[in-house]
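Good morning, everyone, and thank you for making time for this.

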Amino acid sequence: MIALIDYGAGNVASVANALTELKQEFIITSNEAEICRAQKIIFPGVGEASYAIRQLHLLNLFTVLRIVKKPMLGICLGMQLMADFSKEGNVTCLGIFSVTAEKFDESKTKVPHMGWNDIEIVKESKLFKGIKSGERFYFANSYYLPVCPYTTSISNNEINFSSSLEKDNFYGVQFHPEKSGSAGLRILKNFIDI
Amino acid sequence: MLCKRIIPCLDIKDGRVVKGTNFVNLVDAGSPVELAARYSKEMADELVFLDITASNEKRKTLLSLVREVAKAIRIPFTVGGGISEIKDIEALLKAGADKVSLNSSIVKNPKLISEAAKQFGSQAIVAAIDIKNNGKENKVYINGGREETNLTGLDWCKQAAELGAGEILLTSMDKDGTKDGYDIEFLKLVTLSISIPVIASGGAGKKEDFFDAFQLANVDACLAASLFHFNILPIAELKNYLRNNGITIRI
C-alpha cells in the first residue's frame, strides 16, 4: 500500500490518477498512523513553501516525514520541502537534503520555469531504470534546489539545478512524473518497484 | 534546455468542443475527452479548455469534465471560462486541472491574481488577455470579446505579471480565426517587457506562423484550435518542421 499524502498543498488528484493507471493500491491520507503503516510514501506538492510547511505542522506530519525509513518520493514542491530551508517564505524545511531552495533569477530567465525540459543523469538511481539522459519531463517551478552531493540528475534553466535527488530511502524529483507522459509513469513505476 | 510548447485549445460549450471565427459562428468539433486523449498521444505539450457555456449547470458540468480529462491524459492542462472566485479555482485544481486561466474576473478584480497566486502558486494562475486594435492602440476586451475596457494591452500584461500571474495567454481578436499568422509585433513587445512565459494565441494558419512566433517574438508557447481539431496541420508534422528549423521542441 502506498500513502499519498494530502496536506492541502498538492495536486493529489493527478498523482492518484497516475497510480490508478499503474493499477496500484493507495490511500490518500494526512494521518500519521496510516503513513506509518504504508510501504511507500508519495509526498506531492504545488504552491508556496511556507504555507505548505505550516500545513505539515498543523497536521502533525513534520516529524514523521523526517524520520520514516521506508521509500519516500517528494514531487516538485514536496521535493523542495525535503531541503534544509526554502527562500520561498524563508522557512525551515524537513532537513533531509542539506541544501537551500533558491529562486530563479528573473533578470536572466523567465520565471516560472514552465514546460518540458530534459534531464542529464549524473548518478545511477533506481528511479531511472529504462530512462536515458535527454529524456524530457514537465516542470512548473519558480524555485529550485542547487546541484549538491545528493543530486542524481541535472536540468538547465540558465543555470544547472537538481531535477532529482536521492539520499538513503528519500527520493525527490523537481518535475511532475504524473504529468510527463509515459516517461513520467515509468519513474513512478520504478519508485513503486523499489 | 526548456522546450517551446504547442498547445491545442478546446473551446467547450455544453460539454462539447466547438470552434468559431472571431468568437462567433460556432461549429461542433467533437468530444473533449476524446480530443484530449488524441492530442496527448500526438505529443501536444499541454492543453487549454475554455468553457464558453452560459448556464446555471455550468460549474457542475465543467468539474465533471475536468475529472474525466484528468483521468484520461498524463499531460498538464489549463481550464478557463467564467472563473471569478477562489473557491472555483480550488475546486478545479482539486478536480485535476493544473492551471486555471482568468480573464474578465481579474480585469474587474485584479487582486484575485495575487490572492490566487498566494494560495495556489503562480504556476497555477494564467492571465488570459484578449486584445483588439482600435487603429491607435491595443485595447483589452472582456466577456468573450464583447466588452471593451479602458486598459491597454501592454499595461495590463505588465500589471498581471506584477500581481503574480505565472503566464500570460495573449489572444489577438483581430487575428483569431483568420489563419493569417500571430500578432508578432505585439507579442514581441510583450515578451520584451515581462519575465513570465507568454502563450501566443489567435491567427495560426500554417507551420511558419508558429516558427515566427517562437523565433521572432520569443514566445514560450503557441496555441491553436481549428488547425488541430480538423487535422489541417498534424501536431507531429508541425513539431518536426519546428525541430528541423532549430526550435527546441519535444518530439
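This is a predicted model: local features need pLDDT of at least 70, side-chain atom pairs count only at pLDDT 80 or more; totals for chains, interfaces and linings use all residues.

Residues are numbered from 1 along each chain as its sequence is written, and chains are lettered from A and ligands numbered from 1 in the order in which they are written.

Let us begin with the contact between the chains, which takes 30 residues from chain A and 28 residues from chain B; two residues are in contact here if their C-beta atoms, placed from the backbone, lie within 7 Å. On the side of chain A that touches chain B, at least two residues each are supplied by α1 (12–21), β8 (113–118), β10 (136–141), β12 (151–157) and α6 (181–193) of chain A, and the largest share, six residues, comes from β8(A). These element names refer to DSSP runs numbered from the N terminus, with helices being H or I of at least four residues and strands being E of at least two. Sorted by class, that side of chain A has 10 nonpolar, 13 polar and seven charged residues, where Ala, Val, Leu, Ile, Met, Phe, Trp, Tyr, Cys and Pro count as nonpolar, Asp, Glu, Lys and Arg as charged, and the others, Gly among them, as polar.

Staying with chain A, please look for an open sheet of four strands in the order β6-β5-β7-β11, with mixed pairing; two strands pair if DSSP finds at least two bridges between them. Its edge strands, each pairing on one side only, are β6 (91–92) and β11 (143–144) of chain A. Inside the sheet, β5 (residues 83–86) and β7 (residues 97–103) of chain A pair in the parallel sense over three bridges, and Ser86(A) has Ala101(A) as its bridge partner in β7(A).

In the loop between β5 and β6 of chain A you will find Glu88(A). Is Glu88(A) buried or exposed? Glu88(A) is buried, because 24 other C-beta atoms lie within 10 Å; the cut-offs are 20 or more such atoms for buried, 12 or fewer for exposed, and partly exposed in between, with C-beta atoms placed from the backbone. Not counting residues up to four places away in sequence, Glu88(A) touches Glu48(A), Ala49(A), Ser50(A), Ala101(A) and Tyr143(A).

Now we turn to the helices of chain B. The axes of α6 (residues 153–163) and α7 (residues 184–193) of chain B come within 10 Å and cross at roughly 35°, where axes are lines fitted to C-alpha atoms, for helices over the stretch in contact, and angles run from 0 to 180 degrees between N-to-C directions. Gly153(B), Leu154(B), Cys157(B) and Lys158(B) of α6(B) make this contact with Phe186(B), Leu189(B), Val190(B) and Ser193(B) of α7(B), and these residues divide into five nonpolar, two polar and one charged.

Within α6(B), the buried residues are Gly153(B), Trp156(B), Cys157(B), Ala160(B) and Ala161(B). Seen down the axis, the buried residues of α6(B) fall within an arc of 135°, so they line one face of the helix; the arc is that of the directions from the helix axis to the C-beta atoms.

In α10 (residues 235–244) of chain B, Ile235(B), Leu238(B), Lys239(B) and Leu242(B) are buried. Their arc around the axis is only 95°, which puts them on the same side of α10(B), whereas Ala236(B), Glu237(B) and Asn244(B) are exposed on the other side. The buried residues of α10(B) pack against β1 (5–13), α1 (32–41), α8 (207–215) and α9 (226–229) of chain B.

Last come the backbone angles. Most residues other than glycine have a negative phi, and most peptide bonds are trans. In chain A, the peptide bond from Val111(A) to Pro112(A) is cis, with omega near 5°, and Pro112(A) sits in the loop between β7 and β8 of chain A. Asp168(A), in the loop between β13 (159–167) and β14 (170–173) of chain A, has a positive phi near 55°, and Asp168(A) counts as exposed because it has 10 C-beta neighbours inside 10 Å.
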